[in-house]
Amino acid sequence: MKKQTNLRSLAAQLIERVVDKGESLNAVLPGAQKKLSDKDSALLQEICFGVLRTLPQLEALIGKLMARPMTGKQRVLHYLIMVGLYQLQHTRIPPHAALAETVEGAEVLKRGSLKGLINGVLRQFQRQQETLIAELDQAPQRYLHPNWLLQRLQRAWPTQWQQIVEANNQRPPMWLRVNRQHHSRDAWLALLEETGKAAFIADNAGDALRLDAPAAVTQLPGFDQGWVTVQDLSAQRCALLLEPQDGESILDLCAAPGGKTTHILEIAPDARVMAVDVDAQRLKRVNENLQRLGMQAEVVQGDGRYPEQWCGHQQFDRILLDAPCSATGVIRRHPDIKWLRRDSDIAELAALQRDILDAVWPRLKSGGTLIYATCSVLPEENQQQISGFLSRHSDAIPLPLAGAPDNGWQVFPEIEGGDGFFYAKLLKK
């Protein structure tokens with residue numbers, strides 16, 4: 001009989017790759033999940049996401065439970081202990097099962113001689129859990145964010161930073177976009193309710209639904225036929241604000257994985273859409289999404305700073321620029337962002353955004369519309385970016401959005417709402 005995979009040791013190895021080696025969880029997790037059942041795949045994801053979401057708290061607990069942390073070749077056991085602590089504190093896995101599987105993980109990692117140590121640390125936590133957690137609830141670690149990011153949020157949003165942090169620390173809701181070319185939102189919702197699932201509508205996005213509880217896409221009516229797409233509420237606003245029209249030439253820049261490209265084509269199926277991204281691997285996802293929805297777009301690899309290389313002198317009626325950013329508005333979906341980003345990254349990203357904006361603006365026709373969007377909550381990438389752009393380009397007219405200032409609309413992540421996003425809408429004279 002094939003020996004069952006020890007998910008705890010696997011999770012510890014993946015977390016080590018993210019935290020100590022700087023790899024993205026999006027890059028390392030799917031490969032590990034391929035060999036697992038759906039149930040085990042979901043549990044591995046829950047553990048990895050959960051540990052990365054609560055990392056400062058888990059680090060602090062280890063500091064209280066051990067004289068010194070594991071280092072060097074034993075470092076993976078440091079993360080194995082975190083996996084055990086996370087299960088005991090944050091999941092409904094029976095404590096005896098969580099403890100036994102975590103301790104067994106040391107054997108799988110060829111560190112069997114340290115099983116007793118791991119068992120002792122986890123049992124000590126069980127005995128002292130109430131006291132330890134009460135102490136941490138008063139410590140800075142309770143915010144579960146790196147200090148540099150916490151300080152930036154406090155400076156930028158002195159009255160909203162706690163709301164942002166709290167939302168970042170939650171599990172994200174699952175939002176769907178109903179394909180209006182197949183069904184109205186209400187008609188598809190009726191199909192969903194026939195399966196026993198519930199969803200809630202969004203007031204300000206006509207195609208959007210939030211599932212009462214996350215579900216596998218295989219359980220969504222017509223997913224394979226393109227009837228519905230998984231896309232956050234805030235991301236859905238990008239194409240809605242763009243207001244694409246049939247017959248127009250539209251550029252979706254930084255398009256991967258293609259959610260906004262397909263939304264543009266759902267709204268304006270006869271538009272001519274070019275989807276451009278610098279990452280060839282991620283462009284495969286654009287093609288897959290287009291194929292699933294039965295849509296056509298010109299998919300091109302290219303760097304947004306050098307449009308002459310991929311579109312020559314072509315101009316577009318509308319441009320959607322979902323710019324590369326810090327992703328500080330989607331931390332709840334990608335908790336590894338907190339540990340992969342550095343304070344110095346923000347200035348570099350702002351410079352890249354500025355270069356792309358300046359390069360692509362000449363590719364917009366006179367009278368055309370550009371939507372600048374990021375999934376960031378930092379002003380350097382958002383309001384300040386647009387203010388700087390407007391000072392450099394006298395032919396750019398900012399259009400008002402949702403009563404926000406002329407330099408853009410900042411949306412914060414909401415626990416049952418959309419992710420953190422920024423939008424600016426610019427008309428070219």
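**Figure 1. Residues around the largest cavity.** The lining of the largest cavity is made up of seven nonpolar residues, one polar residue and two charged residues. This is a predicted model. The structure holds one cavity of 30 Å³ or more, and the space in the largest cavity is about 30 Å³. Its lining consists of P398, L399, L401, P405, D406, G408, W409, Y423, A424 and K425.

Figure 2. Two strands, β10 (396-399) and β12 (421-428), each give at least two residues to the lining of the largest cavity. Strand β12 provides the largest share, three residues.

Figure 3. The UniProt record, an unreviewed entry, lists C375 under "active site". C375 sits in the loop that runs between β9 (364-374) and α17 (383-392). Is C375 buried or exposed? C375 counts as buried because its relative accessibility is 16%, and buried means under 20%. Apart from neighbours within four places in sequence, C375 has contacts with C325, A327, T328, G329, V330, G420 and F421.

**Figure 4. Cysteines without a disulfide.** A disulfide is a covalent bond between the sulfur atoms of two cysteines. How many disulfides does a search of the whole structure find? The search finds zero. C254 is in no disulfide, and the nearest cysteine sulfur, which belongs to C325, lies 9.9 Å away. C254 is buried, as its relative accessible area is 17%. For C325, the closest cysteine sulfur is that of C375, at 3.5 Å. This is too far for a bond, because the two sulfur atoms of a disulfide must be within 2.5 Å. C325 is also buried, with a relative accessibility of 9%.

**Figure 5. V286 in helix α13.** V286 belongs to helix α13, which spans residues 280-293. With a relative accessibility of 0%, V286 counts as buried. Which residues does V286 touch, not counting those up to four places away in sequence? They are A255, A256, P257, G258, A275 and V299.

**Figure 6. V286 and Q33.** This view pairs V286 with Q33. In sequence, V286 and Q33 are 253 residues apart. In space, the distance between V286 and Q33 is 22 Å, taken from C-alpha to C-alpha.

Conventions
Residues are numbered from 1 along each chain as its sequence is written. This is a predicted model: local features need pLDDT of at least 70, side-chain atom pairs count only at pLDDT 80 or more; totals for chains, interfaces and linings use all residues. Side-chain values use heavy atoms; hydrogens and water are left out. On a 1 Å grid over the protein atoms alone, a cavity is a set of points where a 1.4 Å probe fits but cannot get out, and a pocket is an open set with protein on both sides within 12 Å along at least five of seven lines; lining residues have an atom within 4 Å of a point. Grid points are joined across faces, edges and corners, and a volume is the space filled by probe spheres set on the points. Helices (H or I, at least four residues) and strands (E, at least two) are DSSP runs, numbered from the N terminus. Ala, Val, Leu, Ile, Met, Phe, Trp, Tyr, Cys and Pro count as nonpolar, Asp, Glu, Lys and Arg as charged, and the others, Gly among them, as polar. Buried means under 20% relative accessible area, exposed over 50%, partly exposed in between (1.4 Å probe, protein chains only). Contact means heavy atoms within 4.5 Å. UniProt positions are given in the numbering used here, feature names are shortened, and annotations may be inferred rather than shown by experiment.
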